[in-house]
Amino acid sequence: MNLRKLILINNACFKAGKTIIPKGIMVHSTGANNPWLKRYVGPDDGLLGKNQYNNHWNQDKPGGSQVCVHAFIGKLADGTIATYQTLPWNHRGWHAGGKANDTHIGFEICEDGLSDSTYFNKVYREAVELCVYLCKEFGLTEKDIICHSEGYKQGIASNHGDVMHWFPKHGKSMDTFRSDVKSGLASADPVETAAPKKYYCVQIGAFSIKANAETMLSKVKAAGFTDAFIKYSE
């Protein structure tokens with residue numbers, strides 16, 4: 001996953017300052033043939049490219065609408081795929097048009113013409129990896145992931161068809177998506193625990209005259225044993 005951050009601080013959603021405890025993740029797609037991140041994320045950070053129309057979402061009400069999501073997945077200026085976090089993950093987004101705004105992290109996948117399998121497979125994989133990351137971050141599982149159309153059927157989102165107008169064109173569904181996230185969680189590297197260090201003490205010798213002990217100590221330190229010290233005993 002190529003995760004970057006550009007918080008949409010000028011969006012009215014961000015300025016509202018409301019937070020949530022994430023209970024799930026909602027997958028959206030943009031519904032427009034424009035795979036470039038610069039259409040939605042701005043201003044240009046040197047990687048996005050310049051939006052010549054300045055109609056990105058880093059403004060109060062983009063296009064006059066109260067909309068904002070936690071992240072976008074799409075193309076950078078050089079054509080590579082990236083994820084841009086656009087709201088703090090625990091911020092209440094304006095993405096679902098329903099109660100899911102109070103419970104779900106929502107992200108958008110930038111659509112293209114819907115027929116390019118190469119582009120689809122790249123953003124699909126990026127979305128899976130983002131969900132694996134978020135599940136680990138907030139103690140969620142693949143069962144906590146839905147798309148916008150599923151949210152509508154559950155009565156917690158507005159009537160949108162994404163992403164089921166796109167995924168099946170490439171042999172995918174939300175069930176395969178959740179399965180891939182489950183596999184990603186299972187194969188994620190476990191947190192490594194450092195083994196406790198063991199120390200072995202070496203005694204060079206005992207001296208009845210302190211000066212002789214100090215001479216030996218200086219020789220030992222000169223040899224690279226910087227932790228050497230003199231211990232007095234009777």
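Modeller: Let us begin with "buried", which means a relative accessible area under 20%. By that cut-off, 41% of the 234 residues of the chain count as buried. Please keep in mind that this is a predicted model.

Biologist: How do you know how confident the predictor is?

Modeller: Each residue has a pLDDT, the predictor's confidence from 0 to 100. The mean for the chain is 89, and 81% of the residues reach 70 or more. Over residues 190-202, though, pLDDT stays under 50, and the model shows zero contacts there beyond four places in sequence.

Biologist: What makes up the secondary structure of the chain?

Modeller: Five helices and six strands. Reading from the N terminus, their order is β-α-β-β-β-β-α-β-α-α-α. As for contacts with a separation of 6 or more, 72% are between residues 24 or more positions apart.

Biologist: What is found at the start of α2, and what follows the helix?

Modeller: At the start, a side-chain oxygen of Asp-116 comes within 3.0 Å of the backbone nitrogen of Thr-118. After the helix comes Gly-139, with a positive phi near 70 degrees.

Biologist: Which residues of α2 are buried, and what covers them?

Modeller: Among the buried ones are Tyr-119, Phe-120, Val-123, Leu-130 and Cys-135. Their cover includes the strands β2, β3, β4, β5 and β6, along with helix α4.

Biologist: Why is Ser-149 called buried?

Modeller: Ser-149 has 9% relative accessibility, and the cut-off is under 20%, so Ser-149 counts as buried. The residue lies in helix α3, residues 148-153. Setting aside neighbours within four places in sequence, its contacts are His-160, Gly-161, Asp-162, Val-163 and Met-164.

Biologist: What makes Glu-150 and Arg-178 a salt bridge?

Modeller: A salt bridge asks for a side-chain nitrogen of Lys or Arg within 4 Å of a carboxyl oxygen of Asp or Glu. For Glu-150 and Arg-178, the closest N and O atoms are 2.9 Å apart, so the pair qualifies. This pair links distant parts of the chain, as Glu-150 is in helix α3 and Arg-178 is in helix α4, 28 residues apart. Glu-150 is buried at 19%, and Arg-178 is buried at 14%.

Biologist: Which salt bridge does Arg-178 form with Asp-175, and how are the two placed in helix α4?

Modeller: The closest N and O atoms of Arg-178 and Asp-175 are 3.0 Å apart. The two are three residues apart in helix α4, so about one helical turn separates them. Asp-175 has 55% relative accessibility, and the cut-off for exposed is over 50%, so Asp-175 counts as exposed.

Biologist: How many salt bridges does the whole structure have?

Modeller: Five. One of them joins the side chains of Asp-60 and Lys-61, at 3.0 Å from N to O. Lys-15, Asp-60 and Lys-61 are linked in a network of salt bridges.

Biologist: Why are Asp-60 and Lys-61 called partly exposed?

Modeller: Partly exposed is the range between the cut-offs for buried and exposed, under 20% and over 50%. Asp-60 has 32%, so Asp-60 is partly exposed. Lys-61 has 36%, and therefore counts as partly exposed too.

Technical notes: Residues are numbered from 1 along each chain as its sequence is written. This is a predicted model: local features need pLDDT of at least 70, side-chain atom pairs count only at pLDDT 80 or more; totals for chains, interfaces and linings use all residues. Side-chain values use heavy atoms; hydrogens and water are left out. Buried means under 20% relative accessible area, exposed over 50%, partly exposed in between (1.4 Å probe, protein chains only). Helices (H or I, at least four residues) and strands (E, at least two) are DSSP runs, numbered from the N terminus. Contact means heavy atoms within 4.5 Å. A polar contact is a pair of N or O atoms within 3.5 Å; within protein, one must be able to donate a hydrogen and the other to accept it, and residues adjacent in sequence count only if both atoms are side-chain atoms.
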